[in-house]
Structure formats: C-alpha cells, structure tokens
Amino acid sequence: MQPSFEERSVWVQLFSVILVLGGYLVASARLMRAGITEIAPFVPLFSVAVVLLVVLLGVGHAVAAAMGKPEKTDERDRLIGWRAESSTSWLLATGVVGAIAAILLRGEPVWVAHILLASLFVSEVAKLVVQLVLYRRGV
Amino acid sequence: MAHPGQDPSTGIRNHIRRLRFEAGEMTQQRLAEAVGVSRQTLNAIEGGKYSPSLEVAFKIARAFGRPLEAVFEFSEVAGD
C-alpha cells in the first residue's frame with residue numbers, strides 16, 4: 001500500500017534534515033577543527049543551509065503531493081507524532097544541558113551554538129525515524 | 001497468536017473486513033472517507049495495527065449501520 005501523505009512528508013523531512021543540517025554540521029566541524037572560533041564565518045554557511053532546507057522541503061512536499069492526493073492529518077498521524085516526540089525529546093534536553101555546561105566552563109559561543117544545533121539535529125532525526133517505524137510497525 | 005484484525009497489544013479485534021464484504025465489497029477508501037480518516041489509517045485499523053479512538057470506532061460502526069460491538073470486540077490480553 002502506498003504510504004500516506006503524512007508518511008511521505010516524514011521521509012522528505014528526514015532526507016532534507018540529514019542532507020542539509022547534517023552537511024552544515026560536517027562543514028562546521030571542519031571549520032572548528034581548523035581553529036576558527038568566531039561565530040561570523042559560520043553565519044553565511046548557516047544562512048545558505050536554512051535557505052536550502054526550505055527549498056528542499058518545498059520541492060520534496062510538492063513531489064510527495066504529486067504522488068497521490070494528500071489526505072488530511074488524522075488521529076493516527078497525531079498519535080504517531082506525539083509518541084515520536086515524547087520518546088526523543090530527551091535528546092534535545094541533553095543538548096541544552098550540554099550547552100549550559102559549555103557556558104559554565106566558559107566555552108566559546110561557537111561551541112555552545114553548535115552543541116545546541118547538533119542536539120536539535122539528532123533529536124529531529126531520531127523523531128522522524130521513530131515516526132517511520134511507528135507508521136510501518138503500527139502503534 | 002493474534003487473529004487477523006486483532007491488535008495484539010490491546011486485545012481489540014475487529015470485523016471490518018467481513019463487514020465491508022457484506023456491504024457489497026465497500027472499498028477501504030469509501031469507508032475511510034465516511035469515517036474521516038486516511039485510507040492508510042483505515043487499513044491499519046482493519047489489520048489490527050492501530051486501535052482507533054472511541055469517536056472513530058463509533059463512526060465506523062455507524063458507516064455499517066451496526067452497533068459498536070458488532071464491529072469491535074475485546075478479549076483479555078494474556079498477562080493482563
């Protein structure tokens with residue numbers, strides 16, 4: 001059976017986030033390894049990543065909609081979203097605590113920002129993967 | 001071993017497949033539209049992969065013109 005529009009949307013989000021935000025984090029890690037600790041050089045890179053993410057999500061959802069008439073979100077979609085969110089939100093919380101620890105240890109702002117971004121990336125990818133598992137396995 | 005149409009986690013079993021057949025082989029799409037869920041969700045309910053809310057369960061029963069207990073039945077899950 002063809003996946004619902006909501007499930008196709010989750011695939012689009014997963015692909016886009018891994019490609020763009022994952023790519024940004026890899027590029028940032030290289031810059032930091034090269035000794036760059038100022039925030040400024042990361043701003044254009046991050047801006048490009050945000051624009052690319054929006055474009056990719058837009059195109060991806062247009063393709064997903066073209067594959068079949070989009071249905072309205074129903075109670076199963078909402079339940080899957082809530083379960084995935086509640087089982088993975090601790091990852092973002094861990095990143096927030098890590099960022100606070102970095103501030104207390106007088107870490108560079110660039111580190112604090114990227115600890116937060118990395119935890120956002122990990123929690124989002126984990127949430128999307130859990131959603132796909134629940135769509136396939138059942139709730 | 002769970003029966004087809006039985007959610008093994010809740011012990012809720014349904015007779016949607018048979019009722020669709022008795023309703024002139026009503027399609028999942030038509031039933032899903034009558035109930036207000038996606039065809040995939042209806043498929044998951046019918047296959048016992050998702051137990052619907054009470055509201056959706058009543059809407060399914062109403063679509064068949066049957067009482068709720070003619071569509072869904074509950075049996076204790078081992079260990080409960």
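Which elements of chain A and chain B do the buried residues of α3(B) pack against? The views below take up this and related contacts. The model is predicted, so that local features need pLDDT of at least 70 and side-chain atom pairs count only at pLDDT 80 or more, while totals for chains, interfaces and linings use all residues. Residues are numbered from 1 along each chain as its sequence is written, with chains lettered from A and ligands numbered from 1 in the order in which they are written.

View 1. The buried residues of α3(B) pack against α3 (75-104) of chain A, together with β2 (12-14), α1 (16-22) and α2 (28-35) of chain B. Helices (H or I, at least four residues) and strands (E, at least two) are DSSP runs, numbered from the N terminus.

**View 2. Buried residues of α3(B).** A residue is buried if 20 or more other C-beta atoms, placed from the backbone, lie within 10 Å of its own. Just after α3(B), B:Gly48 takes a positive phi of about 75°.

**View 3. Contact between chain A and chain B.** Nine residues of chain A are in contact with ten residues of chain B, where contact requires C-beta atoms, placed from the backbone, to lie within 7 Å.

**View 4. Contact of α2(B) with α4(B).** Residues B:Leu31, B:Ala34 and B:Val35 of α2(B) meet B:Val56, B:Lys59, B:Ile60 and B:Ala63 of α4(B) in this contact.

Methods:
Two residues are in contact if their C-beta atoms, placed from the backbone, lie within 7 Å. A residue is buried if 20 or more other C-beta atoms lie within 10 Å of its own, exposed if 12 or fewer, and partly exposed in between; C-beta atoms are placed from the backbone.
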